[in-house]
Amino acid sequence: MLIPLYYKVKELSLHHTKTKNMTISLLIVEDDLTYSTMLKTWLKKKGFEAETASTSARAKKLLSSRSFDLILSDLRLPDQDGLSLLSWLRKQSDQTPFIIMTSYAEIQNAVLAMKEGATDYIQKPIQPDELLKKIKESTGNKNEDNLSSNACTQQNTQNFLEGESEAAHQLYNYVNLVAPTQMSVLINGASGTGKEYVAHRIHQLSKRADKPFIAIDCGSIPKDLAASEFFGHIKGSFTGALSDKTGAFEEANGGTLFLDEIGNLSYEIQIQLLRAIQERHIRKIGSTKEIEVDVRLVCATNENLKDAIAKGNFREDLFHRINEFTLRMPSLKERPEDILLFANFFLDQANRELGKNLIGFDLQASQTLQNYPWPGNLRQLKNIVKRATLLARGEFITLDEIKDELSETVEENSHASIAPKSMKLHDEETEKRCILNALQQTNNNKTKAAVLLKIDRKTLYNKLKQYNIPH
């Protein structure tokens with residue numbers, strides 16, 4: 001558990017040591033998702049650059065594509081052990097400092113790792129002052145001067161987090177592909193998944209980045225004012241038109257127009273919108289003059305527009321115009337690896353907004369956040385973290401600050417995961433079969449398999465050893 005690391009974090013400070021404006025980069029190889037995320041978050045707050053890998057294969061892929069100043073690897077991994085990763089690394093003539101994380105019972109293996117070329121080892125549960133000391137020693141006291149300033153810069157300049165799950169990587173790979181083109185993009189996803197951020201990102205990566213980005217929430221526009229919002233009007237063209245108005249198309253000319261919840265537009269406005277897109281001309285209400293416009297359209301919806309077409313509520317020709325490329329936003333529960341990353345990111349924001357200085361989430365709170373299904377996605381998580389930051393009296397957000405915002409059913413499930421019950425199995429053969437099935441279902445991820453079996457990770461490893469199951 002990482003509790004000692006979190007409870008002592010404020011007592012410590014580590015000075016940076018590398019060349020100016022550079023930071024120590026670490027790769028954390030650990031298949032316990034909660035543990036690795038908490039460790040990564042803490043290290044980032046101390047000013048390090050940190051990446052994680054849950055398997056030896058993933059670590060090798062990262063190491064083949066970039067270099068790190070230090071590798072912090074668990075001895076036990078789902079596919080191969082840390083010793084195999086170390087051996088592979090040294091065969092590549094890569095002498096990157098390598099620290100093995102190990103339990104007390106595995107000290108002999110840690111000594112073997114030292115003989116194989118490991119720089120050092122550290123015993124779990126990790127003590128923060130010891131870890132920082134070993135990092136400094138292993139990296140030759142790099143980044144001495146800039147740790148604190150870099151940590152502050154990272155926190156203050158980043159206004160959104162993309163995430164590190166496979167779902168996030170796939171989404172932003174597509175964003176990077178489509179952004180430089182002129183294709184219209186339809187972003188499909190549930191409320192609160194970050195659709196507007198993706199639209200902004202497409203604009204920032206496009207050739208129109210120096211032109212306007214105009215966002216319109218189609219769900220909030222009164223039906224009788226929609227045409228005015230899109231195309232503008234001239235003074236006196238209708239009751240209440242007390243002055244000329246520039247519409248969204250004209251404001252976004254040369255840039256990007258983002259239409260959020262486009263499925264809420266009336267059929268009449270859909271016709272006018274289609275005409276503007278096709279002809280690249282608009283006419284203000286009450287005017288006879290046509291204005292040429294050049295906008296790139298990015299739309300978003302949480303509806304199934306094909307169903308709306310079938311019901312006669314959305315025009316099929318408009319659908320094809322706005323849907324040259326579709327991006328599907330994953331829900332937060334589809335990217336569990338990102339939950340704690342976003343939670344800590346929102347905590348940093350809340351700290352700044354509320355003038356507080358909370359360090360993080362305790363273990364129970366972290367596991368509860370991970371087990372919650374998040375029907376409101378990132379928006380809900382942000383709101384809960386902000387409220388919890390306001391309520392917290394200590395240095396950490398605990399279960400007490402978040403449980404009232406979560407449903408009773410999910411809270412019970414969360415407690416079940418925090419305090420796993422023993423497997424209700426009839427005999428050893430059945431128990432072994434259940435373990436093998438769980439490993440197969442989770443792609444040999446021990447952490448997920450333990451959750452599935454409702455046992456803790458240590459018990460699972462003991463069972464693997466008992467039944468001679470390769471691990």
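Ile-234 sits in the loop between strand E10 (232–233) and E11, where helices (H or I, at least four residues) and strands (E, at least two) are DSSP runs, numbered from the N terminus. With a relative accessible area of 28%, Ile-234 is partly exposed; here buried means under 20% relative accessible area, exposed over 50%, and partly exposed in between (1.4 Å probe, protein chains only). Setting aside neighbours within four places in sequence, Ile-234 is in contact (heavy atoms within 4.5 Å) with Ala-241, Ser-243, Asp-244, Lys-284, Ile-285, Gly-286 and Ser-287.

A quick word on the model: it is predicted, so local features need pLDDT of at least 70 and side-chain atom pairs count only at pLDDT 80 or more, while totals for chains, interfaces and linings use all residues. Residues are numbered from 1 along each chain as its sequence is written, and side-chain values use heavy atoms, with hydrogens and water left out.

Zooming out, the protein chain has 22 helices and 18 strands. Of its 471 residues, 50% count as buried. Among contacts between residues at least 6 apart in sequence, 73% join residues at least 24 apart. The accessible surface comes to about 23,000 Å², and 46% of that belongs to carbon and sulfur atoms; areas come from the Shrake-Rupley method with a 1.4 Å probe, and for residues only the protein chains shown count as cover.

Next, the inside. In soluble globular proteins, nonpolar side chains tend to be buried together. A nonpolar core is taken here as a set of buried Ala, Val, Leu, Ile, Met, Phe, Trp, Tyr and Cys residues joined through side-chain atoms within 4.5 Å. The largest one has 46 residues, and those with the most contacts inside it are Ile-187, Val-198, Ile-202, Leu-369, Trp-374 and Leu-381. Two or more residues each come from helix H8 (166–178), strand E8 (185–188), helix H9 (195–204), strand E15 (296–301), helix H15 (339–354), helix H16 (363–371), H17 and helix H18 (399–402). H15 gives the largest share, eight residues. As for Val-198, it touches Leu-171, Tyr-172, Val-175, Ile-187, Leu-327 and Met-329, not counting residues up to four places away in sequence. There is also a second, separate core of 34 residues, which includes Ile-214, Ile-221, Ala-252 and Val-295.

Ser-56, Ala-59, Lys-60, Leu-62 and Leu-63 are buried. They cover an arc of only 165° around the axis, which puts them on the same side of H3; the arc is that of the directions from the helix axis to the C-beta atoms. On the other side of H3, Lys-61, Ser-64 and Ser-65 are exposed. The buried residues pack against strand E2 (25–29), strand E3 (49–53), strand E4 (70–74) and helix H4 (82–91).

On to the charges. A search of the whole structure turns up 17 salt bridges, each being a side-chain nitrogen of Lys or Arg within 4 Å of a carboxyl oxygen of Asp or Glu. Lys-195 pairs with Glu-261, with the closest N and O atoms 3.9 Å apart. This pair links distant parts of the chain, 66 residues apart: Lys-195 is in helix H9, and Glu-261 is in the loop between strand E12 (256–260) and helix H12 (267–279). Both Lys-195 and Glu-261 are buried. Lys-245 and Glu-229 form another salt bridge, again with the closest N and O atoms 3.9 Å apart. Here Lys-245 belongs to strand E11 (residues 245–246) and Glu-229 to helix H10 (residues 226–231), 16 residues apart. Lys-245 counts as partly exposed at 26% relative accessibility, and Glu-229 does too at 27%. Elsewhere, Arg-208, Arg-280 and Asp-294 are linked in a network of salt bridges.

The side chains of Lys-386 and Glu-353 also meet in a salt bridge (2.8 Å, N to O). Lys-386 lies in helix H17 and Glu-353 in helix H15, so the pair ties together parts that are 33 residues apart in sequence. Lys-386, at 36% relative accessibility, counts as partly exposed, as does Glu-353 at 48%.

Helix H17 (residues 377–391) also holds Leu-390, which counts as exposed because its relative accessibility is 55%. Leu-354, Leu-390 and Leu-391 make a nonpolar surface patch of about 260 Å². Patches are made of residues with over 30% relative accessible area and no salt bridge, with like charges joined within 9 Å and nonpolar side chains (Val, Leu, Ile, Met, Phe, Trp, Tyr) within 5 Å.
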